[in-house]
Structure formats: structure tokens, C-alpha cells
Amino acid sequence: MNYFQLFQLPAQFEVDLTELGTRYLELQKQFHPDKFAAASERDRLLAVQQAANINDAYHSLKQPLLRAEHMLALRGVRLNQEQRSFTDTAFLMQQMELRELLADIPHSKQPHDLVDDADQQIRQQKKLLLNELSEKLAHNTPHHDLAAADTVRKLKFFFKLQDELELIEQQLHD
Amino acid sequence: MAYSDKVIDHYENPRNVGSFAKDDPTIATGMVGAPACGDVMKLQIKVSEDGVIEDAKFKTYGCGSAIASSSLVTEWVKGKTLDEAAQIKNTDIAAELALPPVKIHCSILAEDAIKAAIADYKQRHGG
């Protein structure tokens, strides 16, 4: 299913989140179970199914990574549930260093300075990669789509790092 | 989810954690990662002139199963030739550690890490 079509939005990486939210509410209203209380069982089931699709679509279009994965899937590049290892050595070395930085935080005398440092690095890298992703997806060629898939993989590492950093930060406050 | 005793053992007492000097010509490094869970694994081997793995070290950021898989592989490769080490299968790792289906990718990561280290060695030594 093409989530962009469902929400009548242009199939591009930049999405107007306000518009997305408005469409979501409209569609939700349109397929609300209450509206189908008197309908045939078949129509009721279809409405339930459509309501579920609307929720999935909203969830996917709202988050940049899931949105990119959906765009790529529509173009025949499937990323979800892939079990292939990522092997970009230079990138992984950088990840390792950031992981080491995070691991040092709880033992540091100035843990909050390290948190800020890591946070800044992660945010900066994420921003760069998101710009890169947007640019690659805009080309809409098989070659650029494969490159975009790699950027999505890299971003996943950074989103994970950010989660990890938030956990560490919470533990510092406990 | 419950970890098996073997996973817990490797997780609590990981074997061969650490790093070798990267510029040592007898050392080769394999770096792999799993985007879905953000795991990063570095596996290094020290290879003798006749192509036998004398020592191995690893550093893994990830879940218990990923740490146990890499720890186990460093134990297994010691004393093996490069060709023998290349035969290690993720299914053997998963079976030894009794990994549940959702953690199979951790054993795949460890297999890919040793393969990447062997490829790195062969590339550096023109093989």
C-alpha cells in the first residue's frame, strides 16, 4: 500500500507534518467504526482494516526513518528485517568511538560535559545524514536509492546511540 | 527473555576482550554492525607466518547475545588456520549458545566479523 497516496501527499521525503496530522484526523473520522455500525459485516470489516492501515501509514510517515524505508520499499528496495551485516569499516570505527565515549560518561568527574559533547556530535551527524538522505531520495534512481538505503542504515545507528545517551542521562539523575 | 547459561557465562566473563595494535602486520581486523539494533562488533586476529590464528580479541557494543557470540568466536578461532576459521557457521554459534530465533542475527554478526577479519588479513597480505 502506498501511504502517500492514502494521505494524498506528494511522495517525497519532506512532509508537512501539520498537513499530515490534519489528513490523519480526517481519515480517522471517515473510517471510524461508529460510522459503520449499521453497515453490512463486510463493510464493517473493511472499515476496520482501513482504520488500521491509516494508523500504520500515519506512524510510518511521521518518522523520517520509517518514511524513508517506506519510500524505498515502494521503489523496490526493502530494508526492514534485513539480517545482512553492515560493513562500512570507517563508519563503524566512528560508532565504536562514540560508544566508548558513552561508556566513559558514568565514570567521569564531569559526566554532564561528556553528555553534552556526545549529544552535540550525535545531533550534528544525524542532521548531516538526514540531509544526505533527502538529497539521495530526491534523485529517484536505482543507484541513488541503494545509496539512500545505506544512509538509512547509518541513521539507525545514530538513533540507537541517541536512545542510549538518553538512558545514560536518566541514570545520572537517578 | 531468558538467556542461556552459556550466554550469561560469556557475558559475565567475556574471553579475550580488548584490542591489538592496528599497525602490527600480523593483526587483521573485522568490523561489522547490525543497523536494526545498533550493535557494533570488532574482531581482531593475530596470524602466524604459516597462516594459523595465534590469538584473537574482540570488542562489542550490543546485547548479551552479541557479546557472547563474539566472545565464543574468539575462543573457537584460536589455533585454527584461516581456512578453518572461515568455515565457522552462525548456526554452530547459535546452537552452542542456545540462542532463541530473535537473537540469531547476533550469531550472523559474529560469523561476518571473523569473515571480515580474514578478508582484511588476505587483502593486506596480497592473498
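Two strands are taken to pair if DSSP finds at least two bridges between them. The model described here is predicted. In chain B, S2(B) and S3(B) form a hairpin with 5 residues between them, and Gly51(B), in the turn, has a positive phi of about 80°. The two strands pair in the antiparallel sense over 8 bridges. Along this pairing, Met41(B) stands opposite Thr60(B) in S3(B).

A hairpin is also made by S1(B) and S2(B), with 4 residues between the strands. There, Gly38(B) takes a positive phi near 75°. S1(B) runs antiparallel to strand S2 of chain B, residues 39–47, and is joined to it by 8 bridges. Ala28(B) faces Ile45(B) of S2(B) across this pairing, and Thr29(B) stands opposite Gln44(B) in S2(B).

Together, the 3 strands of chain B form an open sheet in the order S1-S2-S3, with antiparallel pairing. Strand S1 (27–34) and strand S3 (53–61) of chain B each have a single partner strand and stand at the edges, so one side of each is left without a neighbour in the sheet. On average, neighbouring strands of the sheet are turned by 15° against each other, direction ignored. Two helices of chain B pack on the sheet. Helix H2 of chain B, residues 64–77, touches S2 and S3 of chain B, and the direction of H2 makes about 175° with that of S3(B). Helix H5 of chain B, residues 104–124, touches S1 and S2 of chain B; the angle between the directions of H5 and S1(B) is about 145°. S2(B) is mostly covered, with 8 of its 9 residues buried.

The contact between the chains takes 15 residues from chain B and 15 residues from chain A. On the side of chain B that touches chain A, the elements giving two or more residues are S1, S2 and H5 of chain B. H5(B) gives the most to this side, with 5 residues. By class, this side of chain B has 10 nonpolar, 3 polar and 2 charged residues.

In chain A, helix H6 (residues 111–139) and helix H7 (residues 142–173) pack at an angle of about 160°, their axes lying 9 Å apart. This angle makes H6(A) roughly antiparallel to H7(A). The crossing of H6(A) and H7(A) is left-handed. The contact of H6(A) with H7(A) has, by class, 17 nonpolar, 5 polar and 6 charged residues.

Methods: Residues are numbered from 1 along each chain as its sequence is written. Chains are lettered from A and ligands numbered from 1 in the order in which they are written. This is a predicted model: local features need pLDDT of at least 70, side-chain atom pairs count only at pLDDT 80 or more; totals for chains, interfaces and linings use all residues. Axes are lines fitted to C-alpha atoms, for helices over the stretch in contact, and angles run from 0 to 180 degrees between N-to-C directions. Two residues are in contact if their C-beta atoms, placed from the backbone, lie within 7 Å. Ala, Val, Leu, Ile, Met, Phe, Trp, Tyr, Cys and Pro count as nonpolar, Asp, Glu, Lys and Arg as charged, and the others, Gly among them, as polar. Angles under 35 degrees count as roughly parallel, over 145 as roughly antiparallel, 65 to 115 as roughly perpendicular and the rest as oblique. A crossing is left-handed if the near helix is turned anticlockwise from the far one by less than a right angle, and right-handed if clockwise. A residue is buried if 20 or more other C-beta atoms lie within 10 Å of its own, exposed if 12 or fewer, and partly exposed in between; C-beta atoms are placed from the backbone.
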